[in-house]
Amino acid sequence: MPEKIKLQKFVDELPIPNTLSPKMRSNNSSYYEVTMKEFSQKLHRDLAPTRLWGYEGIFPGPTFEVMKNERVFVKWINDLPNKHFLPVDTTIHGSEITLPEGRTVVHLHGGRTPAHSDGYPEAWFTRNFQQTGPLFEREVYTYPNIERATTLWYHDHTVGITRLNIYAGLAGFYLIRDMHEQSLNLPKGKYEIPLLIVDRSFNPDGSLYYPSKPDQSDVGLPHPSLVPPFDADTILVNGKVYPFLDVEPRKYRFRILNASNSRILTLKMDSNQPFYQIGTDGGFLETTVKINEFILMSAERVDVIIDFSQYYGQTMILKNVTKSASSETTDIMQFRVTVPLRSTDTSFLPFYFGEIKRLPRSMAKRTRDLTLVRIKDQYGRSLNLLDGKMWIDRISERIEVDTVEIWRIINIIDDDPHPIHLHLVDFQILDRQPFDVSHFQKTGNLIFTGPPTPPDPYETGLKDTVRTPFGYVTSIIARFGPFTGRYVWHCHMLEHEDHEMMRPIEVFKAQDKRKR
């Protein structure tokens, strides 16, 4: 680790990401161009500008705001250098020394998109599309935006270097609106604020620090070498280290995203005031959930309202109370309720948002048992696998379009929970149930050691990423569609994802089924 830099907290104001404007708009469609480039940005008052990669040369990237069913076309343009400024391990699959380091591909996380526009990890491209990956199909992506109003995000998804590209700054918000949301009279405009939370470490000169090898002895390891999940030592929100936000004594809506490589956040206000959660990964909950703290794994989102109306003149801190958090990463940001109320707060906090059509278990055409396992690679490093398979193994999750499946994710890896993300679908969490791990390892048979527990109240909506704790079977249910083609599912701890903890999914039409 580099020499620890002591940065004063709450000296920089929270920035609000810019909203992106389309190049063209016609009828119900719009066209955007977004360029990825290297730049420098000041992340704290006392830090020199930091070298980053970002969309449109800013971190976080600009926010998309689109309407449900608006057809959005995006040309993602790579203007990045040929060489990476973070340590590339060329021994992991998809990141061989023969491949260009400045390659990228963009995934709209949580988006229900055609396969050609999903950001498949092997659909990467370099500057001016001079080189492309084996599954590259097109320069302009299509997003039909068939989801409900929700908080999505876009980020890099390049096979073998996703952890480095996102750590370098390639992430931003993508918000879908609809008429139902607009009818609800929620806090809006300057009272609706996205919060993209990440952790980063810095060298004394202000540059990003990312380890080039694991902490343990590097005997026999390549250099650079992939590291286990990396928790950095400094928290940033919207591209500022421990920022503050001046607020009025009224209701605010916050779209909160954990965009860290692997850090688990457990968020709580030090004033003990509640969050009123109205949405999750896949849009609104059925009813508002009053919570005092909640867990956000990497890639998870929550949509909450905080009411500051009774706190005028006070200051409070959004805290991370995860047990593994160091003293430096327990603070997220500061709210200062110091701005006089500009006008009467007429916004409303609804209780009911509408029914979520839940999938009954009886609709499932198939139940898949998928085990999270850990072995060693040829260098002795931990290798986490989905159902014991490598990325290049034959596709085992082949699903007929528009069918419903239950996936039982069986975690026998003894460490932090793994955030498992499925592309293409919104799923519902059914339950988590403890089981006898040693018996399962010996026999392959599940013996449950307790009753199933339902999802936490803040997880009861539609999800695309789920926390899968050790020693539990986490069951989810989803309808796979409406598009066909090749997608992926993976752990969203990015160091795991880059090192084989990702597998393809093929969604097919019945008449297209081929013998393999």
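Reply: Happy to! A word on terms before we start: a residue is buried when its relative accessible area is under 20%, exposed when it is over 50%, and partly exposed in between (1.4 Å probe, protein chains only). By that rule, 61% of the protein's 516 residues are buried.

Please keep in mind that this is a predicted model, where local features need pLDDT of at least 70, side-chain atom pairs count only at pLDDT 80 or more, and totals for chains, interfaces and linings use all residues. Residues are numbered from 1 along each chain as its sequence is written, and side-chain values use heavy atoms, with hydrogens and water left out.

Now to the sheet. Helices (H or I, at least four residues) and strands (E, at least two) are DSSP runs numbered from the N terminus, and two strands pair if DSSP finds at least two bridges between them. The open sheet has 5 strands, ordered E24-E23-E26-E30-E28, with mixed pairing. Its edges are strand E24 (382-386) and strand E28 (427-434); each has a single partner strand, so one side of each is left without a neighbour in the sheet.

Further in, strand E26 (residues 403-411) runs antiparallel to strand E30 (residues 472-480), and 8 bridges join the pair. For one of the residues, Ile409, the bridge partner in E30 is Thr474.

Stepping back, the protein contains 4 helices and 32 strands in total. Its C-alpha trace spans about 65 × 55 × 55 Å along the principal axes.
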